[in-house]
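Good morning. Please look at the sequence and the model on the screen while I talk.

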Amino acid sequence: MPDFSTAIHKLEFDKILDRLQQLVTSEPARDLAAHLVPMTDASLVRLELNRVSEAKEILIVEGVAPLDGIKDIVPALKRSGIENHILNSRELLDIASTLRASRTLSIFISKRRNEYPRLGELASGLFSDKILEYNILECIDEDGRMRDSASKDLRRIRQDMISTAEILRKRLASILKRISQKDFLQEEIITTRDGRMVVPVKTEHKNHVPGFIHSSSASGATVFIEPAETLDLNNTLTELQLSEQREITRILGELTVQVREIRTRLEPAMAILATLDLVFAKAKYSIEVLGNPSAISDQKRFRLLHARHPVLLQRHRREEVVPMDLELGGDVRTLVITGPNAGGKSVSMKSIGLLVLCAQSGLHIPAAPESELCMFENV
């Protein structure tokens, strides 16, 4: 089996991968970029180089591709397949965001399929479900909070909570006014303890305010009392809060079932989304380095024209990186590189190896378009 691990490290190909990770827009594509390895199948390399060429042309013509909104939802999709498991609101929002990204990207590329057939073929495997996308966004707002409109019962419960809380505050305000005149209060405010509305009473007067003591201050000077007069209202509010949570859980459960029904189609689409994100990152990289797709020869020969060391281009201005021309193969099987110390011999050799790794990973290389490389199983 081909093993490029030593070459990847010694030739600093990982620096190229670092840059690709900065150019992708999603976490799944970032993971792909981090683990990108050279291919040894010439047909696959040609296909990837052509995809990158098409993506590059899209970026040049359109300025941008709609890649925003792709989330790492595979773990959530797998959890949705567990019986009785309920996804949380953030997981569902990420799924809706990814569904929208998949739908938008699919439409974008399908409209241009005649001009970009290889990207069109790849994007044909994308999946979208506009109904599920709508259902999630209709129920959950951008902060992950369940909307009042998610169900009639939830709207009614929340309206009852608001009216009950208002009555409770008025009742407590009346109590505050009454006991503040007797100087029993530490502060004339209404606060909450354990989710129930209470009043802060001076410790020495705690027996003068009938009710339930929830806690005391750190100094011990204040106790927080739920007056007996408001126990029923507090109980009603607590029951409404529990009803609200039950209704939210029910809605999340229904949405999870909908996700479960489409997960086997969405999971493969996630791999395609990540691949497309990486292809466009490679296209951005090509634009950065003024790259070109090298021809892939079936013969054991290569020719590099005006080729530059890719990592040096990340550190220096283009005019500071000296290009080179080099040809090897056919009748010429050996090349001797001579010159003084610090004259560029090692850089030249490393450039060849690094450009091979780049090309076999489906990257355009910073060299003239007439450049040609062949497949290597070891570098």
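Ile16, Arg19, Leu20 and Leu23 in H2 are in contact with Ala281, Lys282, Lys284, Tyr285 and Glu288 in H10, where contact means heavy atoms within 4.5 Å. These residues divide into 5 nonpolar, no polar and 4 charged; Ala, Val, Leu, Ile, Met, Phe, Trp, Tyr, Cys and Pro count as nonpolar, Asp, Glu, Lys and Arg as charged, and the others, Gly among them, as polar.

This is a predicted model, in which local features need pLDDT of at least 70 and side-chain atom pairs count only at pLDDT 80 or more, while totals for chains, interfaces and linings use all residues. Residues are numbered from 1 along each chain as its sequence is written, and side-chain values use heavy atoms, leaving out hydrogens and water.

How do the two helices cross? The axes of H2 (residues 13–23) and H10 (residues 231–289) come within 9 Å, crossing at roughly 115 degrees. H2 is therefore roughly perpendicular to H10, a label for angles of 65 to 115 degrees.

Now the whole chain. The protein chain has 12 helices and 8 strands; these are DSSP runs, helices being H or I with at least four residues and strands E with at least two. The C-alpha trace spans about 105 × 50 × 40 Å along its principal axes. Of the 379 residues, 45% are buried, meaning under 20% relative accessible area with a 1.4 Å probe, protein chains only. Finally, among contacts between residues at least 6 apart in sequence, 72% join residues at least 24 apart.

Technical notes. Axes fitted to C-alpha atoms, helices over the stretch in contact; angles between N-to-C directions. Parallel < 35°, antiparallel > 145°, perpendicular 65-115°, else oblique. Buried < 20%, exposed > 50% of the residue type's maximum accessible area, 1.4 Å probe, protein only.
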